[in-house]
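Hi everyone, thanks for making time this morning.

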Amino acid sequence: MRNTLRDNRTTKSILVNMLIAAISLFVNGFGIYLTIQANLGVAPWDVLNLGLSKTLGILYGTASIAVSLTILGIDILLREPIGIAMFIDAFVVGKSVDFFNWLGAVPKCSSMWTGIPVMLIGIVILGYTQYAYMTAALGCGPRDTLLVGLSKKIKRLPIGVISIAILSTATLIGWLLGGPVGIGTLICAFASGPIMQFAFYTMHFDATGVKHQNLKESMRVVRSAWK
């Protein structure tokens, strides 16, 4: 059943996978919320989101949506494939963080001894929700797509160097706007990848084996169901 769903060959499978992506990304927002509440500095993209939020006086989620849609526009200019889940990503994650902020689910940590465990729990949640989100096979996130797109355009540079350049730029701009940078920023930058790989390993998931369906293909499937 899982393989059939992943193929997204029917309207039902697309709708089910949209739901899977939305739930996964909502929980992903809780993971991000925990890394923020750890109060040690945040991940590079969140430095930018929180910097914009502070400077413009807007909610985190609104800033996150603005950044995501901007990156999505760049992805389109780079002619990278766009999937339904990319739009779900752009809107759900940020507003999920706003929801948990409104709920006051977890108080801000007051020391490194409580902050580091909370941050690591958040990163673990991010790793497993990334797995669940990718199984929907409806497109990668705008930021991952940007990395791939730039790597194709700048072939003389390794993808790792391009990734560092993107994250460094986001961090610098966010810091100049007042976003929180600290030891937590380093923890997120260096621990997120290995923890995500561990999550994939425990779930026996090969991310490279997923064939993501782009928006045109999804619309073609939906239209054919109405004929």
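Let me begin with a question: leaving aside its neighbours within four places in sequence, which residues is Asp75 in contact with? Before I answer, please keep in mind that this is a predicted model. The partners are Glu80, Ile82, Met86, Pro142, Thr145 and Leu146. Asp75 itself sits in helix H4, which covers residues 60-77.

Now, what about charge? Asp75 is buried, yet it has no salt bridge. If you look for the nearest side chain of opposite charge, you find Arg143, and that is 8.3 Å away. A salt bridge here would need a side-chain nitrogen of Lys or Arg within 4 Å of the carboxyl oxygen.

Let's move on to helix H2. This one runs over residues 11-37, 27 residues in total. From first C-alpha to last, H2 reaches 39 Å, close to the 39 Å expected at 1.5 Å a residue. Just after H2 comes Asn39, which takes a positive phi of about 65°.

My last stop is on the surface. Leu19, Ile23, Phe26, Val27, Phe99, Trp102 and Leu103 form a nonpolar patch there, and together they have about 710 Å² of accessible area. Two elements give two or more residues to this patch: H2 and helix H5, residues 84-103. H2 gives the most, with 4 residues.

Note on methods
Residues are numbered from 1 along each chain as its sequence is written. This is a predicted model: local features need pLDDT of at least 70, side-chain atom pairs count only at pLDDT 80 or more; totals for chains, interfaces and linings use all residues. Side-chain values use heavy atoms; hydrogens and water are left out. Buried means under 20% relative accessible area, exposed over 50%, partly exposed in between (1.4 Å probe, protein chains only). Lys and Arg count as positive and Asp and Glu as negative; His and the chain ends are not counted. Contact means heavy atoms within 4.5 Å. The expected span of a helix is 1.5 Å times one less than its number of residues. Patches are made of residues with over 30% relative accessible area and no salt bridge: like charges are joined within 9 Å, nonpolar side chains (Val, Leu, Ile, Met, Phe, Trp, Tyr) within 5 Å. Accessible areas come from the Shrake-Rupley method with a 1.4 Å probe; for residues, only the protein chains shown count as cover.
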